[in-house]
Amino acid sequence: MKKYALVFAVYAFIHAFRAVCLFSYDMGFSYSNTTVFLPENPYTPQTSSTNKFELFTTVNFLKSYYLLSFSPSVYYTDDKIYPGLYGAKFMVFYNMFSFLLAKNNVYFGEGIIDNFLFPLSFVNADQAYSNSYYQYTNFWNTAFYCDLNKISVPLMFTTSVIADTESIDAYKKPQWLVLFAKADYSDKSLSASLCYSPIYKNDAWENRISGEVKYIFANDFNLYSNASYNFDKDIFALLGASKAFLVDEYTFATGLELSYPDNDMQYAIYEVIDYNYLSLVTGVYYVNNDTYNNRSITLMNTLSLTLNNLQISITWDSWNLLEKRSAYPAVLQIGVKYEKL
Amino acid sequence: MNRNILNKLKFWLFIILSVFCINFAYPEENNLYSELVKLNGAYVNSASSVLVTMKCTYYYADKKPEEGTLYALFNKYQELLKIELKTGNIYILDLDSGCYFLNNKLRSPLKVSGNYSIESAQVSDMLSIDFSKDYELEEFDTKAAKFLLKRTNNKLLYPYISVTVQNEKGTGEKIYELTFMDRSQKPVRKLQYTTGNVSGIRCFKKVVVYKSVLDNAGSSSYDFIYTIDSIEKTTVNSALFNSVNMKDLCEYMEQLLQ
C-alpha cells in the first residue's frame, strides 16, 4: 500500500510543481511479451514466456540552450512491482558543440540483418538491427558532439560511451562498455562514417574499426555498405540495396542484403509494406547456422499497427522453414507501446 | 551665349529624361531576381528564426481534395517541417548535410533523397528553396520579365529554374511562375508563387504546385497548394538543427506551437 501512496505523492508533486514552473509532461506505457518455442527436449519446457509492463511519466524542461527530461516509471515483471527509470536526458548545446548524458535510444548505421557500423552489435546482438521504433531498450550513454556543418564543413565528430544498462538498473557492475569515436561526412546524397571503438566485454578490451558508405540516388534507390575489423583479423562486412515504390496508398520497400559475419555468408531479401496505420516487414534470410551445423532459411515477420502515439507490434521469427518446426526454436514477440515521439 | 547654355541644358535634360524613361521601359536587370530573394527571405535565411503556419490542400486524380496543416521552423537556411496526417505526424529536417525523415515508427532519423511523395505532394515541393544560396542569376530577358537561375550546387535536383513574372488580375499582387528544368533545359516541374502580406510582412503567400508543366488552370491540374497563414519571429538554438538532435528539435517545435 505504501508503494501506491508513494506513486500518488510523486504525481501530486509533479502537478503542484507544474503550477509554478513551466514545463511539459507526458505519460506513457509499454508492454512486452516474448515467448520462445523451443525444440522438443527432455530438459527444458517447450515454451518459455516473459512479460513486462511499464508505466512512466516524462517531464521535459526544454530551453534554448539546455534540455532536461526524465521519465520515472514503475514496472511489473515476474509478479512483482519495481520502481525504475524508463529514460532520462540531459543535454547542453552551444553553437556547434553539444554534450549529452542520457538513458535513451542509441542507434546509427544501416542494415536489416546485420549492422557492423554500430559497435553495440558486437555486445548486444538482439538490440542492434533495424531502425524500427518498436523493440528497443534505452541505454545509459554519454556523448560529445562537434558539428562542423555549422561552419559549412560537411563533417561531424562524436565521442561516446555506452554502458550495460541492464546491470546498472539492477545495481550491479556493468558487464560491458562500448567507447567510440566517430567521424561522419554527409551531403545531400552521400554519407560516409568512420568509427573507432574499444569494447570492454568478458573482462577484456577489444579494439574495432568500422566504416560505412551510403549513397541515396534521386529516385530513392539506396546503396549501403558497412564493415568492421578487429585486430584479431576478423572481418565483418555487409552490402545492401533498397528501393521504395509508391502504388496508390501503399508504400513498398524492397531490399537485398549480403552479409559476411566472420567467415560466413548470409543472404537476405525483405519487403516492407506500409498502408495507412499498418506496416508489415517480412523477409527471408539464408544463413549458415553454426549452432545447428547446417544451412537454413530463416523467416522474419513483423506486423505493426501505429495509431498516432500508440504502437502495437507482433513479431514472429522462425528459425528454419525447410525442416520440421519442432526441431528448431521460434520466437513470438508482442509489444504495445504508448509514447510521444 | 544664353542660347548656348539653354542648348546645353536641353541636351542634359534630354539625357536625364531618356535614362529615366529607359529605367521605366526596361526594369533594372536583376530587380525582379532580388525581389524574389527578398520576398523569399521573409522566412528563408531571414535575420531571426521564424515559425510559419501554412494551410494546404492535397489534390487527387480520383478523390476529393483534402485539407491539411503544415508548420515550418526556419533557422537561417535550415528548415524543420511538420506535416500533420491522420496516421500521425511526419517531420522533415532539411540541412546542408541532407534531408532527414522522422515519424513515430522510426528509432532514429532516416536520411532520404527528399524526392518521394507524401499524400499528393512531393517533399521537395513542400520545402522552401533558398534562391540566394542555392541558385544564381544566369540570364535575364528584359522584354518579357523573365529570368533564368542556375544551381550553384551540383547536389540539387534541378539544374535550372526559369522564372516568369506576371501581375495578378484584379489585385496588385505579382505571380512568379517557376519552371524547374533539367540539364538540357527541358521543363520538368511547374510551381507558382503569389505575393501577399502575412502578419504585416511582405512575402510569398500562396504556392501552387502543378501536376504537369503544360496544364494551366482547373483544380484537376493541381498537385498541391499551400497558403501561408502566419509568420512569427521566434528563438531556437541552431545547435538543435542536426540529425542527432532532431527528436529534441521536434519536441521544441511542439512547445512553440502550444
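## Ground rules

Because the model is predicted, local features need pLDDT of at least 70 and side-chain atom pairs count only at pLDDT 80 or more, while totals for chains, interfaces and linings use all residues. Residues are numbered from 1 along each chain as its sequence is written, chains are lettered from A and ligands numbered from 1 in the order in which they are written, and side-chain values use heavy atoms, with hydrogens and water left out.

## The two chains

Let's start with chain A, which has three helices and 18 strands. Here helices (H or I, at least four residues) and strands (E, at least two) are DSSP runs, numbered from the N terminus. Of its 341 residues, 42% are buried; buried means under 20% relative accessible area, exposed over 50%, and partly exposed in between, with a 1.4 Å probe and protein chains only.

Chain B has four helices and 15 strands. Its C-alpha atoms fill a box of roughly 90 × 45 × 35 Å along the principal axes, and 52% of its 258 residues count as buried. Take the contacts (heavy atoms within 4.5 Å) between residues at least 6 apart in the sequence of chain B: 45% of them join residues at least 24 apart.

## Nonpolar cores

A nonpolar core is a set of buried Ala, Val, Leu, Ile, Met, Phe, Trp, Tyr and Cys residues joined through side-chain atoms within 4.5 Å. The largest one holds 83 residues, and those with the most contacts inside it include B:Tyr43, B:Leu80 and B:Tyr176. Strand β1(B) gives the most to this core, with six residues. A second, separate core has 24 residues, among them A:Tyr107, A:Ile113 and A:Ala268.

## Two buried serines

Look for A:Ser259 in strand β13 (residues 250-261) of chain A. A:Ser259 counts as buried because its relative accessibility is 0%. Its side chain makes a polar contact with the side chain of A:Asp114 at 2.5 Å. Such a contact is a pair of N or O atoms within 3.5 Å; within protein, one must be able to donate a hydrogen and the other to accept it, and residues adjacent in sequence count only if both atoms are side-chain atoms.

B:Ser46 sits in the loop between α2 (31-40) and β1 (49-58) of chain B. With a relative accessible area of 11%, B:Ser46 is buried too. The side chain of B:Ser46 reaches the backbone oxygen of B:Ser48 at 2.8 Å.

On a 1 Å grid over the protein atoms alone, a cavity is a set of points where a 1.4 Å probe fits but cannot get out, and a pocket is an open set with protein on both sides within 12 Å along at least five of seven lines; lining residues have an atom within 4 Å of a point. Points are joined across faces, edges and corners, and a volume is the space filled by probe spheres set on them. There are three cavities of 30 Å³ or more. The largest cavity holds about 60 Å³, and its lining includes A:Asp147, A:Lys150, B:Tyr77 and B:Phe241.

The second largest pocket has about 910 Å³ of space. Of its 39 lining residues, the closest to its centre are A:Lys188, B:Ser113, B:Lys155, B:Leu156 and B:Leu157.
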